[in-house]
Amino acid sequence: VGRRLGLSEAELDAIHQRVMARSGAVFRQLGVENMAWLRTLVCEGPALLGWVGIGRVEPFNDREQRLLQALTPSLQRRLTVETRLRESGLMTTALEVAMEALGRAAWVVSSSGRVVHANSAGKVRLERGEPELVEQLKRGAQGIPCSGPLTLTPLRTPGLPAHYLAIDTGTASSAAARVHALSARWSLTQRESEVLTHIVQGETNKTIASRLGCAERTVEVHVTHLLSKAQVESRSALIARFFQTS
């Protein structure tokens, strides 16, 4: 440890003494300074998954130490599963953000054609009740070639049947016409129209500022005006409202 941290043996010993002194003070405050401890650190590679242990007045014998040692692999598997479950929530959030950033209608579809998830623009299309779109999603998920601008990409996850990412590429081609129509409807300035064009393409304020040659704070002001004029409260709602225009 000392070599990895670039510490000499004396420096490492001094740190150890300080840690022991502080932990001893905490133990004394809790009234457990004379207790025996049986504990293990459960790790996955360099990552600490958890600290598991027990303290009592009587010393632990060899059998109890071997028992904890035998249980440690099971504890590691359990904590690893819990970590993966938490990470799956993160991946769900990442998928939602990525699909919103596409700037066009998109859906995750099961092999049976069931829509598992849709971004804001995709939800608007489904809420319109477009039977042709629903049929295209089902046919595409079953491997039947789709007509029109709909593209499907397989999503393969171990332990799950095939799913597909469906994207309506035609929404991008009509974006300019939609921006023109909404600029008049919402009384947008030329700059606000330009910012709206980039927002529906999934670009961040920083990227928009770079493209337009202005400060990021200026873009934030334009976005605030856009939300107000479109009567929505969020960026995703603005994108949904944009694609809702017929």
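This is a predicted model: local features need pLDDT of at least 70, side-chain atom pairs count only at pLDDT 80 or more; totals for chains, interfaces and linings use all residues.
## Helix H5

Helix H5 spans residues 131-141, and its buried residues are Leu-133, Gln-136, Leu-137, Gly-140 and Ala-141. These residues lie on the same side of H5 because they cover an arc of only 125° around the axis. Pro-131 and Glu-132, on the other side of H5, are exposed.

Just after H5, the backbone at Gly-143 adopts a positive phi of about 85°.

## The largest nonpolar core

The largest nonpolar core holds 33 residues, and the members that touch the most others are Trp-107, Val-195, Leu-196, Ile-199, Leu-238 and Phe-242. Two or more residues come from each of S3, H5, S6, H7 (175-185), H8 (190-199), H9 (205-212), H10 (216-230) and H11 (235-244). Of these elements, H10 gives the most, with five residues. Domain 2 (102-169) and domain 3 (172-245) each supply at least three residues to this core.

## Contacts of Ile-199

Ile-199 is one of the core members that touch the most others. When residues up to four places away in sequence are not counted, Ile-199 is in contact with Ile-208, Val-223, Leu-226, Arg-235, Leu-238 and Ile-239. Among these partners, Leu-238 is likewise listed with the members that touch the most others in the core.

Definitions and conventions
Residues are numbered from 1 along each chain as its sequence is written. Side-chain values use heavy atoms; hydrogens and water are left out. Buried means under 20% relative accessible area, exposed over 50%, partly exposed in between (1.4 Å probe, protein chains only). Helices (H or I, at least four residues) and strands (E, at least two) are DSSP runs, numbered from the N terminus. The arc is that of the directions from the helix axis to the C-beta atoms. A nonpolar core is a set of buried Ala, Val, Leu, Ile, Met, Phe, Trp, Tyr and Cys residues joined through side-chain atoms within 4.5 Å. Domain bounds come from an automatic or database domain assignment. Contact means heavy atoms within 4.5 Å.
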